[in-house]
Amino acid sequence: MIGMLRYALLTILAVVFLIPIVFIAFTSLKSNADLLTNPFYALPEKFEWGNYAKAWEQGRLSMYMKNTALIAFIKVPLGILIEAFAAYALTRMVFKGSNLMFAFFLVGMMVPMQATLVPLNIFLNNTGLVNTYPGIILVYIGFGVPFGILILRGFFRTIPKEIDEAALIDGCGDVGKFFRIILPLSMPAIATLFIFDFMATWNEFLLAQIFITSDSMRTITTGLLAFRGEHSTNYTLLNAGVLISVVPILLVYLAFQKYFVSGLAGSVKG
Amino acid sequence: MKKWMSVWLSILIATAIVAGCSSGNGGSSNGNVSSNGGQQGAGEAAAENVTVSLWILNDHAWIDGAVEDFKQENPNINVEVSKYGVDPLKEALKVAANSKTLPNMWFTWGGSLGSFYAENGLTADLTQIAADHNWSEIYNQAAIDMSTYDGKVSGIPYHLNAVDMWYSKQVYEELNLSAPATFEEFEAQLQTIKDGGFIPLALGGKNGWHIMRLTEQLLEHFAGPELHDQLNSLSASWNDPAVVQTFEKIKEYTDKEYFPKGHVALDQAEAINTFYPGQAALTIEGTWLDRSINTGGFSTDDYNVFKFPTERVSVFAEMFQINGALDQAAMDATVKLGEYITSLEVVNKYIDTYGTPATLNVTFTDNTPHVKPLLDMATNGGFLITDQALPQEVVQKLFEAQDKVALGEWTPQQAAEEMDKAVNDYKSKNNG
């Protein structure tokens, strides 16, 4: 009985979460006239599958997705590597003030992104990094570090110290322990972080719109805005574009989801 | 695992190198205020290589063709165009202004939105260039005036938009109505439309400025042109019977359900969707609506415009402002580009997508049949649209007042008092 109730509740929840996506899908398959003359929840009068091709072509989604993928596939692994180094030092290399340093890293999570726009713009302009991929990747890594350290530090602390000691006896140094012991054992946490970080990077809008000014380098979120004009919005193509743009996130989630829950658990145990 | 790690790191390093190499024109388009080469006199930009950065809205698609043409005619001038959405452009410009990294030239709205850059000394004074290049014979004088701050021409006029009443011919024919000649007739029609089962006014209040288009017309009616101008220039008290009457009408129209259901939180993009298919009879929109109607797959023949029963039309200008920190060569090249993309030749070539040009003697096509009637109305008299006429702090208070009056949180009298207070706060802050 309880099992049935649970399934019923989960089904209702799933439907509630799916409803907006269904409406997005409906809108993406309508003509403009159909969208404006019929309620948004109505099925399309005629399925305009061509909207997806149009959104892909007119919205130059291939270029924007390629740019975003380039940024995400460098930023995410590089960021995780840096965060793992920091988390390793904080949990395994005993030094004075390590807790204070951890708190210092966490302060980064409290700084509102908007407050940093002007100083970051000055910094990137003075260093010639504005409108470059290294520039935006650097900024993204900076904003991602606190959360990454929080997750990885929590997980690293659940790995028994005895394993380190055994590795030490076998002649393994700090670098060896990091790459041969800690990282392989932390795959669930790394996979979880990969999903979170990839999603955050793929969906990031504010920094990308300010620091990438060249259209050929824009990311998917800023590129999709091309469907929204000063006085009107092309909702059908915008919704088709939105659905296309979430495919990579879905793929990454599906690839790493089996690690997801166990990875997240570590961060709260710590 | 070791092998997997090696592969991972190798890919990372390789892609990092690729990204580093593919950053192309990095650093050149944001805050590019210089040119390559030595000293150059005014109008002599042709002799050296200059890069001009331009920020513009992303739906002004005609710019690509015009810039390509310009580059062919001026091979020594490279143009880098960055396109933004409406709010992203405002945000990017504010950040760039604060960090002194504005591009060579940028699109902006007139009034208090464009004045920020002029009043903070960030724009070039184009007064002399305007005189030397006979702008008064090229651009509509009203647009030049709206691009002028403190007596200095601070932008190249781009658009001159007129905003007034649009109606659905289908609804009007069905209800046997014709364009109203008086305010009383207009109000009687609102009730007839409501009784006929249609939404009278397709206006959404989410962003404030769409209901504001009705507010300002009501204010023009109750206050008259002279007092309306004084209110907008903050030289008359907003705690005035005309302001109270205006807010009373907003409340009355809300109570009588003349707006779409839940209009306070409704986006205009959704509200206007009731107008296109004839569920709503009226809306207040600008010269751009013809293009939106065409894009939506409807026929412009099914709609028409009329003058709200007051003397003047709400107008606003859009312009290209130029960075005041440019060296002479960059300034010459930037002005040359700005004048080219607003020239009669370019405007006529791209007229169907250009918007409502500030350029004179333009030939309009049948695709935008209502642009000329609206501009003709404006020629007989216009007032600057309220969100550009008032300081932005006061504009925000007006939006709040509209919402709170509609929701019954403020009485019309309270709304007028709050507006007056906001104006006085602004004045004391800026005089102190």
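The C-alpha centres of domain 1 and domain 2 of chain B lie 32 Å apart in this predicted model. Domain 1 of chain B comprises 25–161 + 318–365, and domain 2 comprises 162–315 + 383–429; these bounds come from an automatic or database domain assignment. Residues are numbered from 1 along each chain as its sequence is written, and chains are lettered from A in the order in which they are written. Local features need pLDDT of at least 70 and side-chain atom pairs count only at pLDDT 80 or more, whereas totals for chains, interfaces and linings use all residues; side-chain values use heavy atoms, with hydrogens and water left out.

Between the two domains of chain B, twelve residues of domain 1 are in contact with 13 residues of domain 2, contact being defined as heavy atoms within 4.5 Å. The area buried between domain 1 and domain 2 of chain B is about 910 Å², with 56% given by carbon and sulfur atoms. Buried area here is the accessible area (1.4 Å probe) that two parts lose on being put together, summed over both. Of the area that domain 1 of chain B buries against domain 2, 51% is supplied by B:S112, B:M146 and B:N161, more than by any other three residues.

Zero salt bridges are counted between domain 1 and domain 2 of chain B, a salt bridge being a side-chain nitrogen of Lys or Arg within 4 Å of a carboxyl oxygen of Asp or Glu. Three residue pairs are found in polar contact across this domain interface, both residues at pLDDT 80 or more. A polar contact is a pair of N or O atoms within 3.5 Å; within protein, one must be able to donate a hydrogen and the other to accept it, and residues adjacent in sequence count only if both atoms are side-chain atoms. On the side of domain 1 of chain B that touches domain 2, the elements giving two or more residues are α4 (111–119), β6 (156–168) and α16 (351–354) of chain B. Helices (H or I, at least four residues) and strands (E, at least two) are DSSP runs, numbered from the N terminus. The most is given by α4(B), with three residues. This side of domain 1 of chain B divides into four nonpolar, seven polar and one charged residue. Ala, Val, Leu, Ile, Met, Phe, Trp, Tyr, Cys and Pro count as nonpolar, Asp, Glu, Lys and Arg as charged, and the others, Gly among them, as polar.

The contact between the chains takes 42 residues from chain A and 52 residues from chain B. Chain A and chain B bury about 3,800 Å² between them, of which carbon and sulfur atoms give 63%. A:L36, A:E230 and A:H231 supply 18% of the area that chain A buries against chain B, more than any other three residues. The count of salt bridges between chain A and chain B is zero, while five residue pairs are in polar contact, both at pLDDT 80 or more. Elements giving two or more residues to the side of chain A that touches chain B include α2 (32–37), α9 (174–185) and α11 (206–211) of chain A. On this side, α4(A) gives the most, with six residues. By class, the side of chain A that touches chain B has 25 nonpolar, 13 polar and four charged residues.

Two residues of chain A other than glycine have positive phi values. A:R60, with phi near 45°, is placed in the loop between α3 (50–58) and α4 (61–92) of chain A. A:N131, with phi of about 60°, is found in the loop between α6 (117–126) and α7 (133–156) of chain A. A:R60 counts as partly exposed because its relative accessibility is 38%, whereas A:N131 is buried, at 0%. Buried denotes under 20% relative accessible area, exposed over 50%, and partly exposed in between (1.4 Å probe, protein chains only).
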